[in-house]
Amino acid sequence: MHIELTGPAHAGVRTLVLSAGLGGLGSFWRPQMAALSRDYQVAVYDQRGTGRSADTLPEGYSIKDMAAELAQALAEKGVERYEVIGHALGGAIGMQMALDFPDRVQGLVIVNGWLRLDAHTRRCFDVRQTLLLRAGVESFVQAQPLFLYPADWLSENQTRIEAEDALHVAHFQGRDNLLRRLHALMACDFTMQAQSVTPPVLLICSQDDLLVPWTCSQKLEQALPHASVVKMPWGGHAMSVTASDEFNLLLLNWLQERPIHDVNA
């Protein structure tokens with residue numbers, strides 16, 4: 001698995017692991033890198049089967065598999081304690097890591113996440129899956145920004161979106177890989193396990209998220225024992241991109257204000 005470590009690496013520095021959503025690419029976090037890597041060691045990675053971590057994913061691939069792979073890859077880099085910042089699917093990976101590797105995860109930030117998949121979100125993913133299967137990769141990629149970004153931001157950034165579309169088509173992760181990752185995402189349900197997620201959790205959601213209603217973060221806050229939620233008024237599902245300054249400030253404030261979770265307590 002391709003992992004990059006940036007920022008200070010001296011003894012005592014905290015490590016932040018950034019985990020992207022369904023796209024799986026570490027480059028999703030580019031708007032956060034400068035802000036985070038000043039004071040923290042930051043690990044970004046391309047999830048298995050995507051980008052520079054090319055592979056053929058097995059049938060039955062799961063969130064538990066994604067969490068185990070990431071924990072192993074971090075350990076191989078000598079990273080044993082960390083805080084996970086995950087967007088959507090990446091947030092589910094972070095929760096699974098907190099459950100399966102409680103001695104390693106010191107904190108969680110879950111961006112536009114969920115306890116279990118909302119009916120509206122499931123409908124959106126069903127539509128996207130149908131596009132991929134019936135209309136092909138280009139149609140799937142062209143529809144993707146509609147679920148990620150606010151309409152006004154899309155109107156002002158068409159040149160950028162067209163360039164990104166071409167790049168995503170050229171480096172598409174493959175239909176079977178995407179479907180297996182999507183099915184893993186749709187199958188995960190933390191309803192019975194949420195109370196066992198012991199680290200402190202920050203939930204960041206966006207009021208205008210088309211894909212994942214902000215109320216999903218509310219339900220997640222109620223289920224987790226040590227969680228707080230912050231709602232941004234604008235930015236869409238990918239508000240870490242569209243409203244990165246506000247997002248980064250919220251993230252840094254939480255990281256700086258909270259104590260480190262003692263994983264041995």
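In the predicted model, Gln32 belongs to helix α1, which spans residues 30-36. Gln32 has a relative accessibility of 0% and therefore counts as buried, the threshold being under 20%. When its neighbours within four places in sequence are set aside, the contacts of Gln32 are with Ser240, Ser244, Phe247 and Asn248.

Backbone geometry was examined next. Most residues other than glycine have a negative phi. Ala88, however, has a positive phi, near 55°, and is located in the loop between β4 (82-87) and α3; its relative accessible area is 7%, so Ala88 is buried. A positive phi, near 50°, is also found for Asn112, which lies in the loop that runs between β5 and α4 (119-135). With a relative accessible area of 1%, Asn112 is likewise buried.

With regard to nonpolar packing, the largest nonpolar core comprises 57 residues, within which Leu74, Tyr82 and Met97 have the most contacts. Not counting residues up to four places away in sequence, Met97 touches Ala67, Leu70, Ala71, Leu74, Tyr82, Val84, Pro102 and Val105. Another core, of 23 residues, lies apart from the largest one and has Ala35, Leu36, Tyr40 and Met239 among its members. In soluble globular proteins, nonpolar side chains tend to be buried together.

The largest pocket holds about 1000 Å³ of space. It is lined by 39 residues, of which Gly23, Leu25, Ser27, Phe28 and His168 are the closest to its centre. At least two lining residues are supplied by each of the helices α1, α4, α5 (137-148), α7 (158-170) and α8 (175-187), and α1 is also the helix in which the buried Gln32 is found. By residue class, the lining of the largest pocket divides into 19 nonpolar, 14 polar and 6 charged residues.

Notes:
Residues are numbered from 1 along each chain as its sequence is written. This is a predicted model: local features need pLDDT of at least 70, side-chain atom pairs count only at pLDDT 80 or more; totals for chains, interfaces and linings use all residues. Side-chain values use heavy atoms; hydrogens and water are left out. Helices (H or I, at least four residues) and strands (E, at least two) are DSSP runs, numbered from the N terminus. Buried means under 20% relative accessible area, exposed over 50%, partly exposed in between (1.4 Å probe, protein chains only). Contact means heavy atoms within 4.5 Å. A nonpolar core is a set of buried Ala, Val, Leu, Ile, Met, Phe, Trp, Tyr and Cys residues joined through side-chain atoms within 4.5 Å. On a 1 Å grid over the protein atoms alone, a cavity is a set of points where a 1.4 Å probe fits but cannot get out, and a pocket is an open set with protein on both sides within 12 Å along at least five of seven lines; lining residues have an atom within 4 Å of a point. Grid points are joined across faces, edges and corners, and a volume is the space filled by probe spheres set on the points. Ala, Val, Leu, Ile, Met, Phe, Trp, Tyr, Cys and Pro count as nonpolar, Asp, Glu, Lys and Arg as charged, and the others, Gly among them, as polar.
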